[in-house]
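This briefing covers selected local features of one protein model. Please read it alongside the sequence and the coordinates.

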Amino acid sequence: MGKKNKYKKDEKEAAAPAPQQRQQQQTAAPAPSTSAAARENTSRLQAGDDGVPATQRPQQRSESQNPQGEWQRSQGGQQRAPQQQQQYRPQQQGGQQRQTGYKQGEQPRNQQGESGGQQGGYQQRGPSSGPQGGGQQGGYQQRGPSSGPQGGGQQGGYQQRGPSSGPQGGGQQGGYQQRGPSSGPQGGAQGGSQQGGYQQRGPPGPQQGGYQQRGPQGPQQSGYQQRGPQGPQQGGYQQRPPLQAQRTQGGSLPPQLPYTGNVKRGTIGIAGRVGVNYLDVDMSKMPAIVYHYDVTIVPERPKKFYRKAFEVFRGKHLENGIAAFDGRKCCYSVDKLPNVTGEVEVIDPHGRPVRYTLTLKDTDNSVLELSSLHSYMNDKIYDKPMRALQCLEVVLASPCHSRSIRAGRSYFKNSGNGERRDLGDGYEALVGLYQSFVLGDKPFVNVDVSHKSFPMAMSMIEYLERYGLQSAITPATTLNNTWRIMPFIKGINVVYEPPKCFGSAPRVYKVNGLSDKPANEQKFQLEGEVKTVDQYFRSRNYTLRFPKLQCLHVGPPAKNIFLPIELCRIEEGQALNRKDGTNQVSEMIKFAATSTNERKAKIMDLLAYFKHNNDPVISRFGIHIASDFITVSTRLLPAPQLEYKNKNFARPFNGSWRMDNLQFLVAKPKPHRWAILHFEGARMHYNKVAELQDLVLQQAKYVNVCLEPKADIRTFRDERNLDVHFKDLKDHQYDLVFVILPSRGPTYDIIKQKAELQYGILTQCIKQNNVERRLNGQLVGNILLKVNSKLNGINHKLKDDPRTMLANVMYLGADVTHPSPDQRDIPSVVGVAASHDIHGGSYNMQYRLQCGGGGGAREEIEDMESIVTEHLRVYQQYQKRYPDHIIYYRDGVSDGQFLKIQNIELKGIYVACTKLGIKPKMCCVIVVKRHHTRFFPEGMPSNPRNNKFNNVEPGTVVDRTIVHPNEMQFFMVSHQSIQGTAKPTRYNVIENTGNLDIDLLQQLTYNLCHMFPRCNRSVSYPAPAYLAHLAAARGRVYITGTRLSRSPNEEYQRRMIVPAFSRSNPMYFV
């Protein structure tokens, strides 16, 4: 998987409804949202502390008719409405509109114009009365009845309200509401009956805000429009308004939240706007249908000249008809093309002619309906119009191929045309444009900057002098140590340039490796005669300059083709599918980690370079791409408070918090026996080890971790001696062993394999370099975060909040890691972590090995039934009952695999539950990180010291405009990016049998990002999924450096974790 910067990286339930309300509920038709479970979820999310005033929350109607006679029903987490003009419409009064938003921390005006008390926080208020007692309450409240001639009460939260009456009882309610009829002689004369939602207020009068459907009054239209200087507000997203540059977070006038589609969206949090790297696409001139053709090219190799061949074929046999070719087997055309076969000839870069025969014919289903891109909103995400999208992807790529190097969906400018950076070891980083069609409220083009390493184009001699040997090469130079060279040259393409006396054109070969002997000793057979490579070139009038260097073994491995290194150079523009080394990754991060402003500038430069709208293919397909990013509505969720020992709390700021004078919530009181092991061969100074011991004891006392006052300090000589120590420490019942990892010697993988698979003893590794050079209180404090979790402690928990608390819930996380493309003989590793405490702070793990068909990678977890059965057993062992809710965060799944997750993994979970005789409510959330959506705040950061990369604040959610209109989906940035542009995580809810409200799910997901035990920071996705990734990584450790010759299941059985160890220390893997 790809990855992350690791670790741098009370309120009571609402009051029972009044008798009139109960009567209304009985007479109304039943709907899922009025079920007991839904009401329970809704009551937990009463509005308030999020900072949004009650009058700015959208409402939900229950079988109530809006003023234009249209109906809306609340169903589960959705709002369903007729398929016409589904949008938020602000009210119009006399052609003027005014927003009622106010700055965070500013108090709303009393709607009655009279003095009224405002109270914030969690409150319960008794009856209030008085002639002008217009009371306002902020926060999460329960309020008794109010009365009085002008008692206009405002309440926040999810409420059901019966009839209201009074001479001037203009009542205002915020949040999701179900409201009965209102009556009264002047029920609206002063302020009117206003209901929640993001509203725009005109003059006093009977207004109803919220997300509504309105009849055809006024010139309001749905869709994606640009707004003029004045005029009626229009639904959908807007191109950046020219009024003023506004920051995304907060602001004096919170922007309106557009409403499209029939899925309920979240409402809590501070509203704002932000730019997104999506471009609007004008498809008004796009034809309804196009034609799809198969292209067959013979011979199949070399494929790199297919595009040149097709261009010649198009001019020679298709009368220059415009067509979009994918470079392999498909082409698309607006015009009907003939079925034809023809021969063409192209010249390669080295002057060699290459001949191809091309055949163009209709596919079985040759008519492709692009009109499906206008109707996909009614389908599920896995039913999206794939053929139409594939066609437009090919069209969009047309202007890029001739001017760039393609790698996946990214197009890289070569080092001569664009920005580059030397990554060391012969690699350079190039900058490219990623582009892809995505489906939101309408199709958009997602554009982003990409960075990838490429082998630098240079002669092999230059490579050896600069990187391989790092010294000048002479005729006497030999290659003794090839371990630095082999990883680079194996698999790359080199251009062999024969000596001029040969009279031959250059040729490209793929390198297999180096010859066993140098050129003056490496022999081969030619026409029955055995010669050395040096002798062969001498016989053809060329003397090798460096005869003592090995030759390159190239071409088919079975053939012995040896080329002198001095006659070869590395081919330019090779997009290799290999894993970068540690040095390359470090340099790449320095090159790619830029602020949002710099990132946007790079993207705009690349768009200007490729000039999509000038391309004839794109123009012929009737597509026009906008020149700037769209802006979307955001919401900033409140960060949870974190509880430590003795009811002390920490409040996160900008994604992190400090443990000043705080102690871990739960730490086992028994003094733990512990030891420190260090490698004898590293010659580590004893004083440094003693200093580590003292600092660990000192910091442990601060955070309430109980260790014996003295550690058993030992040295080990080698791996075999390590076995002796582990066995002895286990026999003497030591609870924890610190192992100082040497730079050379036994590795982390070996230590974990021995400790956890053979002896069952708890270890905490620390690098020797850190002990000798970086040892301080902060380093040891971070280590103790892990140590306390491993010793069955709990570092902290979320402050109890009735809005997001689910009773008796098990959090489940799963991830599957795959080997890199050059290691396909290694199986995929499944990691599943599940909570077993009431706080969601203690987890246990299971891992498995699996392979797909043909030995390839397999993403779906095959053995989910047995994995979940074990997790449920552990949960029952700790809680003495089975869970009522299972919230399953599944990492690493693409859109096309959602159905497989439902049909395989969720089915396995259901089967495991059925066999145990339980039926918990299931919520499955797919966690997607592999995407290119980024958020770009406008202007400069308000606090450069804490936000030098100008990212959005942690807790920012986007669930409108850029999400699928018929799916429960949202983007969230839950972490503070340490360097570079923050990557939001995308969440897709594919199963929700408990009808959990979207507001609850979003806040719960954000809260769980604060529960990762390794650091005092909010991480980029929820702790269950993050811990599942650690579980899969630990499974990968167990198979590293070992020979795998049996089936994945047999190899797993050979690497079972010591059962007593996993039972006594279930969080050993943190």
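The model is predicted.

**Hairpin E21–E22**
- Strand E21 (residues 340–347) and strand E22 (residues 353–369) pair in the antiparallel sense, with eight bridges between them.
- Five residues separate the two strands of this hairpin, and Gly 351 in the turn has a positive phi of about 90°.
- The covered face of E21 consists of Val 340, Gly 342, Val 344 and Val 346, while Thr 341, Glu 343, Glu 345 and Ile 347 make up the uncovered face.

**Helix H12**
- Helix H12 (residues 719–731) has 13 residues and spans 19 Å from first to last C-alpha, close to the expected 18 Å.
- At its start, a side-chain oxygen of Asp 718 comes to within 3.2 Å of the backbone nitrogen of Arg 720.
- Asn 721, Leu 722, Asp 723, His 725, Phe 726 and Leu 729 are the buried residues of H12.
- Those buried residues pack against strands E38, E39, E40 and E41 and against helix H13.

**Open sheet E37-E36-E42**
- Three strands form this open sheet in the order E37-E36-E42, with antiparallel pairing.
- E37 (649–650) and E42 (797–798) are the edge strands and each has a single partner, so one side of each is left without a neighbour in the sheet.
- Strand E36 (residues 642–643) pairs with E37 over two bridges, and Leu 642 has Ala 650 in E37 as its bridge partner.

Conventions
Residues numbered from 1 in each chain as written. Predicted model: local features only at pLDDT ≥ 70, side-chain atom pairs only at ≥ 80, totals over all residues. Heavy atoms only, no water. Pairing = 2+ DSSP bridges. Helix = DSSP H or I, 4+ residues; strand = E, 2+ residues; numbered from the N terminus. Expected span 1.5 Å × (residues − 1). Buried < 20%, exposed > 50% of the residue type's maximum accessible area, 1.4 Å probe, protein only. Contact = heavy atoms within 4.5 Å. Polar contact = N/O pair within 3.5 Å; in protein donor to acceptor, adjacent residues only side chain to side chain.
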